[in-house]
Amino acid sequence: MIGLAPFAHVELVILIPLAAAALLALLPGYRLTARLNVAAGLLTFIAALALLFAPHRPPGPYLLVDDLNVVFIALNTFVGFTTSVFSASYVGHELETGRLTPAYLRFYHAMYQLLMCAMNVALVANNIGLMWVAVECATLTTVVMVGIYRTHEALEAAWKYFILGSVGIALALFGTILVYVAAQAVIGEGLEAMVWTRLIAEASKFDPALLNVAFIFLLLGYGTKVGLAPLHAWLPDAHAEGPTPISAVLSGLLLNVALYAVLRFKMLMAANAAAVAPGPLMVTMGLVSLIFAAFMLYRRRDIKRLFAYSSIEHMGIITFAFGMGGPLANFAGLLHMTMHSLTKSGIFFAVGHVTQAKGTQRIADIGGLTETHPWLGWSLVAGVVAISGLPPLGIFMSEFLVVSSTFARAPLLAIPLVLGLLIAFAALFLRLNGLAFGEPRGHDHPVKASYGPLFAHLALVLAAGLYLPPQLVAWFQHVSQLLG
Amino acid sequence: MPNLAFDTAHLLAGGLVLVSFVLLYQDRLTALLNVYALHALVLALAVAWQANIQNAPHLYVTAALALGFKAVIIPLALRRIIERLGIHREIEAVVGIGPTMLAGMALVALSMVVMLRVTVAAAPIAREDLAFALAVVLLGLLIMVTRRNAVSQVVGFMSLENGLILAATGAKGMPLVVEISVAFSILIAFIVIGIFLFRIRERFDTVDVVALDQFRGERR
């Protein structure tokens, strides 16, 4: 990978989307801007790949690339790129049907790149203050994009997301301040006491009581953004009412970014022996989210809402796995996170075209997709098979690892875990049956779908289920060790 | 005189908690906005005092922002919005004033117990400031959950945010405080512009969020 070496600058994954956002805000025309959006996504992904293969530079006071976040960055930029490809065909249809005007489209593209920029900053931040600012910025950009259709429901969803998201980031800031106060007593005043690499080095000397309170605030604050129950209320509405590419990015990426923030602070807690173990808190929140979301799946009448609740369910599983800790559970958590990002954004690509073809999001009005739109219908079936954890796809493997590591260490916890998985599985198949098979129902608009991103995601998930390259396994194992 | 420095900081931070309580029992929107302006004024004084005793001139920027933006511009803008929307009427609270005040007292007691106990090692000024700041944050949350009206929820959020700025300035030498306060001001400006641009009243015929809830959930 010598050819990529000139791209191996951490600043590039921030500056490319930022420059693209500025450019897209100024340029008119759908064809040009949609292509530019894709090109910026591709360039950012190349820069991230270069980071992945280049040796890491020593961390600065603001930016950091280590083995943990490089996984997140690569995943983030990859899904960001494929979603921009999907988005190009999606917004083309929205322009034709008049749901989006050219002015809003320009705004949409600029915001899309700004969101990518903010998420990348949050991932490479070595400073807990900078990380917080980046997560806030990502929240703001998604809020305006959720409300972009300006219907009753879209505005209400954006408002709810806004208020709950603001409360979440406010709590996270209080937690960040408390971490600083704890660090200041040891490291001294100033910038150094917010630099994560310094914090983790000195964490064992911090006041444990202060860290405990700080972690509660951070878990609740960033947990709101992860969509953990009971702080999830914004998530289904935001997914259902915004443009579908945004649903894909929210589920596939933004939830991960918030979870990444929680993980960084969890590592800080783990480095201090006297502080309370963060694991049980995360295990509890994860299990509650999983079981709650599994039951909520049954009563969904809206197809995007259905998969939004499925995202809550999977974020619950991932939080549970990271809460269990240890090499195997962390490995399972990382793998599940990757697989969920790929599968769920893939499902949203399919759902986006399905809702355009049928002109509705109501599950009752969509039926017999495999007959009317075989490619879309069967992709949706494949996506649901993958997301509900059937072999031989990737999620089966990661869920299997989560369950088996739980059985080995805490068999009692495995009972509610397996129960939640089975309930969600049954609910998804119940809905899928009506959507994909039986008598064709609903309208039938022509749709120019872009299958490339959809098939790429499904192929990756299938490949991961059949064969994980040993290099990837070694890498994930190494990161699992870091997570502790 | 170190005692004067400490006592004044203590007084101003305590004053902020007191004004938060006054916010809790307002039952008219215009009065609520007036009290919020007072809240921001007290915050500006507290931050300016911290800038003085910490010899941190950059904190004056945060203080000036609190004074100019939060104590003057935002209340004026919100007042214009409620006049345009014609909602001077009483605020509908979910819970009565009595229970709300009791809950508020319990929250203040909780934040004192929690924060004073865990910050034994911190400097006394930071310690008191953090305890008061948490009280202001929790009271802000209480305002948000006990009000149904969108504008008063925003006021609750803004008072919560004032508590955070108090905490950030109280933590001595914390970097990025000014940047964070600017980021928060942008956030608040977004919220206010959001109410105005989305014309929640026109769209929903009320800024009462119960009405928003009717659109919630599945489309039937």
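Two residues are taken to be in contact if their C-beta atoms, placed from the backbone, lie within 7 Å. By that criterion, 35 residues of chain A are in contact with 37 residues of chain B. This is a predicted model, in which local features need pLDDT of at least 70 and side-chain atom pairs count only at pLDDT 80 or more, while totals for chains, interfaces and linings use all residues. Residues are numbered from 1 along each chain as its sequence is written, and chains are lettered from A and ligands numbered from 1 in the order in which they are written.

On the side of chain A that touches chain B, two or more residues each come from helices H5 (128–146), H6 (152–187) and H8 (208–226) of chain A, where helices are DSSP runs (H or I, at least four residues) numbered from the N terminus. H6(A) gives the largest share, 17 residues. By class, this side has 19 nonpolar, five polar and eleven charged residues, with Ala, Val, Leu, Ile, Met, Phe, Trp, Tyr, Cys and Pro counted as nonpolar, Asp, Glu, Lys and Arg as charged, and the others, Gly among them, as polar.

| Pair | Axes | Angle |
|---|---|---|
| H1(A) (12–26) and H2(A) (30–53) | 9 Å apart | about 170° |
| H3(A) (67–97) and H10(A) (244–270) | within 9 Å | roughly 170° |

H1(A) is therefore roughly antiparallel to H2(A), a term for angles over 145 degrees. Their contact includes A:Leu12 and A:Ile16 of H1(A) and A:Leu36 and A:Leu51 of H2(A), and it has 13 nonpolar, three polar and no charged residues.

H3(A) and H10(A) are also roughly antiparallel to each other. Among the residues making this contact are A:Phe72 of H3(A) and A:Tyr260 of H10(A), and the contact of H3(A) with H10(A) has nine nonpolar, eight polar and no charged residues. Axes are lines fitted to C-alpha atoms, for helices over the stretch in contact, and angles run from 0 to 180 degrees between N-to-C directions.

How values were computed. Angles under 35 degrees count as roughly parallel, over 145 as roughly antiparallel, 65 to 115 as roughly perpendicular and the rest as oblique.
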